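Here are some notes for a colleague who is opening this entry for the first time.

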Amino acid sequence: MADAVTAAGREAERRVWTDAAADFAAYRTGDRDGLDRLVHRLTPVLWHVVRAYGLDAATAEDVVQSTWLALMRNADRVSDPQAVGRWLTVTARREAWRVAKQASRIDPADEEQLDVRPDTAEEPEAAAVRQARDQALWQAVAALPERCQRLLRVLAFVDRPSYTELSAELGMPVGGIGPTRGRCLDKLRAMLAGMDWRTA
Amino acid sequence: MSATDGGGTGPATFDDDADLRVLRGMWERLDPPPTGLSTRICVALQVEELEAELFEMDELVGARGEERVRTITFSSTSLVVMITISDDGPHARVDGWIDEGGGLPVELRIEDDVHRTEADEHGRFVLDRLPHGMAQLVFHPSPARPTMRQSVVTPAIQI
């Protein structure tokens with residue numbers, strides 16, 4: 001059953017990118033609403049990608065917005081609609097990386113901003129269990145080396161990101177990304193050993 | 001496949017993709033995008049696209065009987081618009097007035113829909129039976145208003 005849930009999740013993630021390509025194709029052929037649909041579909045993904053670089057919320061919001069403005073200005077240069085998701089995530093990462101390097105705008109208060117956002121559609125008890133699990137997971141991730149945090153968050157949201165650029169950002173050869181991903185996840189699992197952190 | 005140990009003797013193997021998906025869920029719940037971010041971005045794109053001007057906004061909230069009424073004044077260099085937003089059963093209603101706006105087309109974008117009307121000779125307009133949601137008003141240059149050279153867009157408002 002867990003396999004079925006995972007497969008459904010994987011399918012939904014893949015569909016985001018194909019739907020995005022359809023939105024962009026519609027926009028390119030004159031359907032203006034296609035762009036708004038695309039913005040609503042991919043802004044959450046871009047948000048997580050940008051936050052992977054440790055930017056505070058206001059800066060992250062600016063970076064996401066300028067990514068979209070860049071798309072609108074360069075729409076003609078994205079030759080294949082299928083490539084729009086990749087174009088956006090690469091542009092967002094490039095800009096986030098540039099801004100993060102330029103000023104270290106890392107948000108020290110991040111960890112304290114957590115405990116809000118109750119999940120409405122859930123039984124209070126299940127929600128409490130899940131919140132505790134999320135908090136533990138968040139803290140474990142926060143204890144990982146910075147490049148692990150960034151790598152895992154980008155990989156969690158982007159389907160096959162460009163390894164060439166990731167390697168430049170993380171200062172490691174392209175061939176090192178796969179093994180690093182494995183090592184980062186191993187560290188996380190070791191920290192969470194004995195805890196039932198996978199059950200959603 | 002999630003955590004499987006190799007029959008008790010071999011080393012444990014893990015499904016990295018499944019674990020990344022667990023992390024993804026955690027980030028989605030604990031650090032979601034700010035409310036309204038996508039809508040704000042749509043407005044920014046529209047302003048850029050139309051080379052439009054963005055209205056300044058001034059909002060007043062009052063009550064008319066039991067009903068909550070909001071009056072918002074939008075001003076730009078070329079246009080002043082005042083609207084009142086009220087509830088009409090399950091719908092929302094916008095009553096508006098445009099300074100010297102006789103005959104000017106009015107466009108209201110809400111979620112994925114566009115509602116259009118035209119101001120009467122006194123500059124008044126009504127948009128009713130609207131769904132609730134984040135909306136913006138857009139005014140385009142028109143022969144009815146020769147002094148207006150570019151489109152003007154309001155910030156997104158909750159109606």
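1. Contact, as the word is used in this note, means that heavy atoms lie within 4.5 Å. On that basis, 46 residues of chain A are in contact with 34 residues of chain B. Please bear in mind throughout that this is a predicted model.

2. The size of an interface is often given as the accessible area lost when the parts come together. For chain A and chain B the buried area comes to about 4200 Å², and carbon and sulfur atoms give 60% of that area.

3. Charged and polar pairs also occur between the two chains. Ten salt bridges are found by the rule across the interface of chain A and chain B, and twelve residue pairs, both at pLDDT 80 or more, are counted in polar contact between these chains. A salt bridge that can be located by name is the one B:Asp31 forms with A:Arg153, where the closest N and O atoms are 2.9 Å apart.

4. Which elements of chain A give two or more residues to the side that touches chain B? They are helix 1 (2-28), helix 2, helix 3 (57-73), helix 5 (124-142), helix 6 and helix 8 of chain A. Helix 2 of chain A gives the most to this side, with ten residues.

5. The largest nonpolar core has 63 residues, and the members that touch the most others are A:Leu55, A:Trp68, A:Leu71, B:Leu23 and B:Trp27. Helix 2 (residues 33-51) of chain A supplies the largest share of this core, nine residues.

6. B:Leu23 deserves a look of its own. When its neighbours within four places in sequence are left aside, B:Leu23 is in contact with A:Leu137, A:Val141, A:Leu152, A:Leu185 and A:Leu188.

7. Over all chains the structure holds one disulfide, which joins A:Cys148 to A:Cys184 with an S to S distance of 2.1 Å. The link of A:Cys148 and A:Cys184 is left-handed, with -80° about the S-S bond. Because A:Cys148 lies in helix 6 (residues 146-157) of chain A and A:Cys184 in helix 8 (residues 177-191) of chain A, the pair ties together parts that are 36 residues apart in sequence.

Key. Residues numbered from 1 in each chain as written. Chains lettered and ligands numbered in written order. Predicted model: local features only at pLDDT ≥ 70, side-chain atom pairs only at ≥ 80, totals over all residues. Heavy atoms only, no water. Disulfide = S-S within 2.5 Å. Helix = DSSP H or I, 4+ residues; strand = E, 2+ residues; numbered from the N terminus. Core = buried A, V, L, I, M, F, W, Y, C linked by side-chain atoms within 4.5 Å. Buried < 20%, exposed > 50% of the residue type's maximum accessible area, 1.4 Å probe, protein only. Buried area = accessible area lost by both parts, 1.4 Å probe. Salt bridge = Lys/Arg side-chain N within 4 Å of Asp/Glu carboxyl O. Polar contact = N/O pair within 3.5 Å; in protein donor to acceptor, adjacent residues only side chain to side chain.
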